[in-house]
Amino acid sequence: MFKSKISPSTFNYLILITVIVAAGISQGLLLPVLSIFLEQQGVSPGLNGLNAAALYIGSFAMTLAAERLLGVLGFKKLIVGGLILVMLPLILFPYFPDIKIWFVLRLIVGIGDSALHYAAQLWVLLVTAPEKRGRYISLYGMSYGLGFSIGPLGIKLLGYGDAVPFLVLFVGMAAVLILVLMKQPDTKPEKAEHAHFPERRFRRSFAWAWYALLPALLYGYMEAGMNSNFPVYGLRVGYDTDQIASLLPFIGIGGLFLQLPLGILSDRYGRKVILMIAGMGGGLAFMLVPLAGTNFWLTLVLLLIAGGLVGSFFSLGLAYAADILPKVLLPAANVVASFHFTIGSIVAPNLGGQLINWVSPGSMFTMLGCLYFIFGVTGLLFRRKREAEFVLK
């Protein structure tokens, strides 16, 4: 456990925002492009989803060590290491088109992505005042959503050669890495008085804030499922690759539109209420997607609405956890949220692929929508503990 000495410098915050945009682009590009390659090679949706899940297995591995590594390396070194681990596989994917090699490369990308996300998220949560937490964490989420929306557009670069999208992304991330190395302060977290707090802090953070930490699982399920399974869904129902590349970003674009408004509303009316409403509304929108068939514009509108409502789930969930937990539990809660995100991200490509294969292409959306709707209703069961009820011994 630790507290941060970092001053909330606007310039430093903007550097972190740039890092998160780059991370969003990498995830938004890699998952659909590689899924399209495997589908065109005749790989089954189930095996395609399993290969995509490798990224999140790597993310899970990093989640287990993230808190300790941050204490040893500090924020800058962990972000730099994460960027390097994401960048290096980019120049290898197009030249080693083997599903086994791609599994290993995706593991490495997942480790790097998890490292830079953990460091950036915690920095924002620790330096932001509670009354402004919703809007600042929403800006963080918007940045990821921006990158996530831009990423699938890289599919269009495949017309210039299979390696082009990867090389363009590598160059962009190299520029971000140079910016971090030159301008980001090299700060290390300072251990707090609760450094010897027992490992029960992970279990307690979940027990006291489970409703605030579950959105990370749903967001991970949605993100990985859409990026890995939607290209397969689109090809199966009759869309071509250009249409898929045009539709997929609208999930992230919807999040860009509503991320900040939802964050501001959560500051005013409470994060639980906003999470419940967004979950039920987003769930209904997802369930309607299969009914749109190959109607491009109707599908676009539904994805825009659904993405707008649930695109802030990860960030609003973390902000809600920061509201209701003692500050000494916040790093542990961040680890739990990252763990949930990873679990959702591993399950989604595999479950979605099996649903497409054995039930119907549209069943992936039915499942996704039901999960969000059930979460929204479940909010009626959650009661926030009063401060006096927290026992940290």
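Predicted model: local features only at pLDDT ≥ 70, side-chain atom pairs only at ≥ 80, totals over all residues.
Helix H12 covers residues 296-310, a run of 15 residues. From its first C-alpha to its last it reaches 21 Å, close to the 21 Å expected at 1.5 Å a residue. At the N-terminal end, H12 is capped by Asn295, which places a side-chain oxygen 3.3 Å from the backbone nitrogen of Trp297. The buried residues of H12 are Phe296, Thr299, Leu300, Leu302, Leu303, Ala306, Gly307, Gly308, Leu309 and Val310. The cover over these buried residues includes helices H8 (200-237), H9 (241-247), H10 (249-269), H11 (271-288), H13 (313-324) and H15 (363-378).

The largest nonpolar core contains 122 residues. Within this core, Leu83, Met222, Met226, Phe230, Phe286, Phe313 and Phe365 touch the most other members. Helix H1 (residues 10-40) supplies the largest share of the core, 17 residues. When neighbours within four places in sequence are left aside, Phe286 is in contact with Met222, Met226, Ala306, Val310, Phe365, Leu368, Gly369 and Tyr372.

Gln27 is found in helix H1 and counts as buried, because its relative accessibility is 3%. The side chain of Gln27 makes a polar contact with that of Asp113, at 2.4 Å. Not counting residues up to four places away in sequence, Gln27 touches Pro32, Leu55, Tyr56, Asp113, Tyr144, Glu223 and Asn227. Leu55 and Tyr56 are in turn among the buried residues of helix H3.

Gln259 lies in helix H10. With a relative accessible area of 2%, Gln259 is buried. Its side chain reaches a backbone atom, the oxygen of Gly311, at 3.2 Å. Beyond the residues up to four places away in sequence, Gln259 touches Ser138, Gly141, Met142, Gly311, Ser312 and Ser315.

Thr366, by contrast, is partly exposed, with a relative accessible area of 38%. This residue lies in helix H15. Thr366 and Ala285 are 81 residues apart along the chain, and their C-alpha atoms are separated by 9.9 Å.

Helix H3 (residues 54-73) bends by about 55 degrees at Ala66. Ala66 itself is buried, as are Ala54, Leu55, Tyr56, Gly58, Ser59, Met62, Thr63, Glu67 and Leu70 of this helix. After H3 comes Gly74, which has a positive phi, near 90 degrees.

Side chains of opposite charge can pair when their charged atoms come close. The count of salt bridges in the model comes to two. One joins the side chains of Asp267 and Arg271, with an N to O distance of 2.9 Å. In the other, the side chains of Arg271 and Asp323 meet at 2.4 Å, N to O. This second pair links distant parts of the chain, as Arg271 belongs to helix H11 and Asp323 to helix H13, 52 residues apart. Through shared partners, the salt bridges join Asp267, Arg271 and Asp323 into one network. Arg271 is buried, because its relative accessible area is 6%, under the 20% cut-off. Asp267 is partly exposed, with a relative accessible area of 23%. Asp323 likewise counts as partly exposed, at 23% relative accessibility.

Key. Residues numbered from 1 in each chain as written. Heavy atoms only, no water. Helix = DSSP H or I, 4+ residues; strand = E, 2+ residues; numbered from the N terminus. Expected span 1.5 Å × (residues − 1). Buried < 20%, exposed > 50% of the residue type's maximum accessible area, 1.4 Å probe, protein only. Contact = heavy atoms within 4.5 Å. Polar contact = N/O pair within 3.5 Å; in protein donor to acceptor, adjacent residues only side chain to side chain. Core = buried A, V, L, I, M, F, W, Y, C linked by side-chain atoms within 4.5 Å. Bend = angle between axes of the 7 residues up to and from the residue. Salt bridge = Lys/Arg side-chain N within 4 Å of Asp/Glu carboxyl O.
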